[in-house]
Amino acid sequence: MKATGIVRRIDDLGRVVVPKEIRRTLRIREGDPLEIFTDREGEIILKKYSPIGELSTFSQQYADSLSQTTGHIIAISDKDQIIATAGGLKRELHEKPISPSLEKAIEARDLIRTAKDDKNYVPIVEGDLDCSYQVICPIISQGDAIGAVIILTQDPKLKFGDTEEQLASAAAAFLGAQMEQ
């Protein structure tokens, strides 16, 4: 655990303000849920809650299956980071923070199918992944955009079509439905 040197008092309603610098660094926005943990030494630990993170094992199995079936690179994200990857680029993707552009695409609930040289191309994480084509489909659960299913290829000869869109949409709908149970 890293000390910040910041001290805050609890108000009469039991509230504590999380400083703006920490919220910005951890990408915590107004309305974001936080999990509260305690340990034996009396420490209180706040952790940003990821609803789709609860399905990380399931998401990984789904990504593996989809990648084996299609031969493509599959990534599943929540609104902060990539939580499951399969088919390549694991080191470049797994548990990396998503790009602000991908975060905006998730919030906009846009289904995106594009090539790297198109103006609509969305970087998945910071830095270049050298992917030729992508399909991004937001995961919606109980009316909230909670993440995305991403299908990528590094093969410049392979252009994505309706099949990849349908696969991403089906995966996103399935994962969103699992969150609602």
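**View 1. Helix H4 against the sheet.** H4 lies across strand S3 (73–78), S5, S6 and S7, and runs at about 120° to S7. Helices (H or I, at least four residues) and strands (E, at least two) are DSSP runs, numbered from the N terminus. Axes are lines fitted to C-alpha atoms, for helices over the stretch in contact, with angles from 0 to 180 degrees between N-to-C directions; contact means heavy atoms within 4.5 Å. Helix H5 (residues 162–180) also packs on the sheet, where it touches S3, S5, S6 and S7, and its direction makes about 25° with that of S6. The model is predicted: local features need pLDDT of at least 70, side-chain atom pairs count only at pLDDT 80 or more, and totals for chains, interfaces and linings use all residues. Residues are numbered from 1 along each chain as its sequence is written, and side-chain values use heavy atoms, leaving out hydrogens and water.

**View 2. The open sheet of five strands.** Its order is S4-S3-S7-S6-S5, with antiparallel pairing; two strands pair if DSSP finds at least two bridges between them. Strand S4 (82–86) and S5 stand at the edges with a single partner strand each, so one side of each has no neighbour in the sheet.

**View 3. The hairpin of S1 and S2.** Five bridges join the antiparallel strands S1 (residues 34–38) and S2 (residues 44–48). Glutamate 35 stands opposite lysine 47 in S2. Five residues lie between the strands, and glycine 42 in the turn has a positive phi of about 85°.

**View 4. Glutamine 142 in the loop between strands S6 (133–141) and S7 (144–153).** Phi of glutamine 142 is near 50°, a positive value in a residue other than glycine. Glutamine 142 is exposed at 61% relative accessibility (buried means under 20% relative accessible area, exposed over 50%, partly exposed in between; 1.4 Å probe, protein chains only).
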